Amino acid sequence: MPAMTAPAPRKAPRPRADALRNRERIVTAAREMFVEHGPDVPLDEIARRAGVGNATVYRNFPDRDALVREVVCSVMDRTVEAAELALAETGDAFAALERFVHAAADERISALCPMVSSTFDQNHPDLVASRESVERLVEEIMGRAKAAGQLRPDVGVGDLLIVVSQLSRPPAGTDCMRGDRFVHRHLQLFLDGLRAPARSVLPGEAVDIRELLDS
């Protein structure tokens, strides 16, 4: 009797294009509303802005933590893309750093900090992978500027990202749109202070990126 061959395993079906679009719309809407209203915004409001039904939201994200995690990782992935673009530049190293900082501020990483620290495990594998990518790439961007003698040597990755976070956070009592008017102006003042040679000695030690998530 001929030997029986095991059936080939079936491939998991690929998500439909419309399902992927709906997921992207949910994440985009959630990111916008988390920035505007904080992480406790009702999920049905997110569904309404995304133009999908509540069932579609829950089919993609079974609970709030899953959606928040996806938003955080998507923003960090976009920050990674901005860092990669900066590294691809071959001109002025400090100018590349400046462009990355302004792009990172536009991602509103400041809005992510309270969500990460209060809603889910900071050591979730997805978050750890995104965080490590950001840290590695920003370290390389800063390293180029330091090697060129343009960036003061006593500044760390965490220092940079925490200031970006703080300066892109709207002042208490104001809405996001009002605060946005000043973000890039104040960031440029900060960046000018990073140029070498340093005019002062910084107190304390360079900040670790993990402290950004606790700020």
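Buried residues are those under 20% relative accessible area, with exposed ones over 50% and partly exposed ones in between (1.4 Å probe, protein chains only). Helices are DSSP runs of H or I with at least four residues, numbered from the N terminus. The model is predicted, so local features need pLDDT of at least 70 and side-chain atom pairs count only at pLDDT 80 or more, while totals for chains, interfaces and linings use all residues. Residues are numbered from 1 along each chain as its sequence is written, and side-chain values use heavy atoms, with hydrogens and water left out.

Helix 7 covers residues 125-147. Buried positions in helix 7 include Leu-127, Val-128, Arg-131, Val-134 and Ile-141. After helix 7 comes Gly-149, with a positive phi near 75°.

Helix 8 (residues 157-167) is mostly covered, with eight of its eleven residues buried; among them are Asp-159, Leu-160, Leu-161 and Val-164. Its axis and that of helix 5 (residues 93-106) come within 9 Å and cross at roughly 45°, axes being lines fitted to C-alpha atoms over the stretch in contact, with angles from 0 to 180 degrees between N-to-C directions. Helix 5 is therefore oblique to helix 8, the class left once angles under 35 degrees (roughly parallel), over 145 (roughly antiparallel) and 65 to 115 (roughly perpendicular) are set aside. Leu-97, Phe-100, Val-101, Ala-104 and Ala-105 of helix 5 make the contact with Leu-160, Leu-161 and Val-164 of helix 8 (heavy atoms within 4.5 Å).

Terms used
Helix = DSSP H or I, 4+ residues; strand = E, 2+ residues; numbered from the N terminus. Expected span 1.5 Å × (residues − 1).
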